[in-house]
Amino acid sequence: MKKTSFQDYLPFLLLALVAIIALFIPGELPFADPKHQYNSGDIAWILVASCLVFLMTPGLSFFYGGMVNRKNVISTLVQSFIAAGVVSIVWVAVGFSLAFGKSLNGVIGDPSTFLFFRGVPSGEPWSLATSIPLLVFALFQMKFAVITPALVVGAVAERIRFTSYVLFMVLFSLLVYAPIAHWTWHPDGILFKLGVLDFAGGTVVHISAGCAALAGVLVLKRRKDHIEKKELQPANIPFVLLGTGLLWFGWFGFNAGSALAANGLSASAFATTNTAAAAAGLSWIFFDVIRGRKPSALGFCIGAVVGLVAITPAAGYVGIPQSIMVGFAAAIVSNLVAHYKSKTAIDDTLDVFPCHGIGGMVGMLLTGIFASKNVNGAISDGLFYGGFELFKNQVIGLALVVVYSFVVSYGIFKLINLIHPLRVSDEEEALGLDATQHNEQYHPALMSVADNGALKEEQLVH
């Protein structure tokens, strides 16, 4: 057992401090405001949608965990899944206040508004979701906050220290996610007032995570295997398929739930979500065939996720037929960027920036093109229907979020590296993060291709 230092005690002490402070926040009777009549159907749907969005985080864990080298499977799984613990506490303590509290000049919420969820169980409903209690809205939004920093894991996998990444999740949630959520989804937010449309998180979730991923890659630099140009096969493609299925399933809550009611808009968002994912998965593998590759399970899974990313900002604004083009186009663009990136020195382990960053950007731009007031009467038409103003707003909003997320995330990674080393040692990287960071190992029966091209079974020795 290694000797512990003050740095080892610090996370525990901070959590203990939060727990002690929470003791002095009085409990409240849920839904106690007699002035509001809530819709039980809407409440039930948003609670179910919240569960679906939560399921996306373990789904993401399997999606990422199956694609890394087998000596890093468990570390990649837990680096994603730990967000469910870390961000949930941050959200209750102060994150919800920063994102949805009383607006301070449209930039950030007043942290005292809902500190430790004070006033949330018994408070007035959110102004844009009056048929459900504020507590239900806060829980739904929590699941978005949870998965966003977990997305960044795929870019920095196989070389980042677990404790350093946990600290990144905290700082990213407070300094990047919460401000962008406030700008985009708060009625007084600067992007909301500008007229930027983001139905379920194209900027808030995917562009912010994708740009943070690129920042992390540049700070951490390349893996040794990447420098030596070693081809490492995915550890478990069935894990990737399982993760994709969970993500696709959960995304129905992610997008359809963002209607914040059980209504026709929710059903439309459900349909566009499924259609775009289907089109993108097919687009990816058919495009691979054109470029001389075989259609692969991995390709379909990655393509489907790109389609889900791209339709996220557009889900409640574009028609079902137009969602086919959203998925089709996003898969091609992300495929090309991922291919180009593979020829550079940028070591984004699982292509988070090409898939989530670029996919989110394509989705935001296509929202500005294909959004239609026939689908959602609360908006103006996009460029395809003669509305230039919306497209212009989407470009401005996209640019602001790209710059802000990249610059602040780069600063966060640099700051953490001064406090505690971000990267594992060369020896730890060679041994694998499962063993060196968690003292755990992944021991499946593996099928690998022998030198003569025949399949053979290889059992790892404990």
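N105 is placed in the loop between β1 (103–104) and β2, strands being DSSP runs of E of at least two residues and helices runs of H or I of at least four, both numbered from the N terminus. The model is predicted, so that local features require pLDDT of at least 70 and side-chain atom pairs count only at pLDDT 80 or more, whereas totals for chains, interfaces and linings use all residues. Residues are numbered from 1 along each chain as its sequence is written, and side-chain values use heavy atoms, with hydrogens and water left out.

The phi angle of N105 is near 60 degrees, a positive value in a residue other than glycine. Most residues other than glycine have a negative phi. N105 counts as exposed because its relative accessibility is 76%; exposed denotes over 50% relative accessible area, buried under 20%, and partly exposed the range in between (1.4 Å probe, protein chains only). A positive phi, near 70 degrees, is also found at K221, which occupies the loop between α8 (202–220) and α9 (224–227). K221 is exposed, with a relative accessible area of 55%.

The loop between α8 and α9 also holds R223, whose side chain meets that of E158 in a salt bridge with an N to O distance of 2.5 Å. A salt bridge is defined here as a side-chain nitrogen of Lys or Arg within 4 Å of a carboxyl oxygen of Asp or Glu, and the structure contains 12 of them. E158 lies in the loop between α5 and α6, 65 residues away from R223, and the pair links distant parts of the chain. R223 forms a salt bridge with D347 as well, at 2.7 Å, N to O. Because D347 lies in the loop between α13 and α14 (352–370), this pair ties together parts that are 124 residues apart in sequence. Salt bridges with shared partners join E158, R159, R223 and D347 into one network. In a further salt bridge, the side chains of R291 and D288 meet at 4.0 Å, N to O. R291 counts as partly exposed at 27% relative accessibility, whereas D288, at 4%, counts as buried.

D434, in helix α17 (residues 433–438), is buried yet has no salt bridge. The nearest side chain of opposite charge (Lys and Arg count as positive, Asp and Glu as negative; His and the chain ends are not counted) is that of R70, 9.1 Å away. Leaving aside neighbours within four places in sequence, D434 is in contact (heavy atoms within 4.5 Å) with R70, K71, N72, V73, I74, S75, N439, E440 and Y442.

Aromatic pairs number 28 in the structure; rings of Phe, Tyr and Trp (its six-membered ring) pair if their centres lie within 6.5 Å, and planes under 30 degrees apart count as stacked, over 60 as edge-to-face and the rest as tilted. F100 and W126 form an edge-to-face pair, 5.3 Å centre to centre with 85 degrees between the planes. F100 belongs to helix α4 (residues 83–100) and W126 to the loop between β2 (108–109) and α5 (134–156), so the pair ties together parts that are 26 residues apart in sequence. Both F100 and W126 are buried. The pair of Y165 and F168 is tilted, because the ring centres are 5.4 Å apart and the planes lie at 35 degrees. Y165 and F168, three residues apart in helix α6 (residues 162–185), are separated by about one helical turn, and both are buried. One aromatic cluster is formed by W91, F96, F100, F114, F117, W126, F137 and Y177.

Helix α13 (residues 320–341) includes G327, which counts as buried at 0% relative accessibility. Residues up to four places away in sequence not being counted, G327 touches A276, A279, A280 and G307. V395, in helix α15 (residues 388–419), is partly exposed, with a relative accessible area of 36%.
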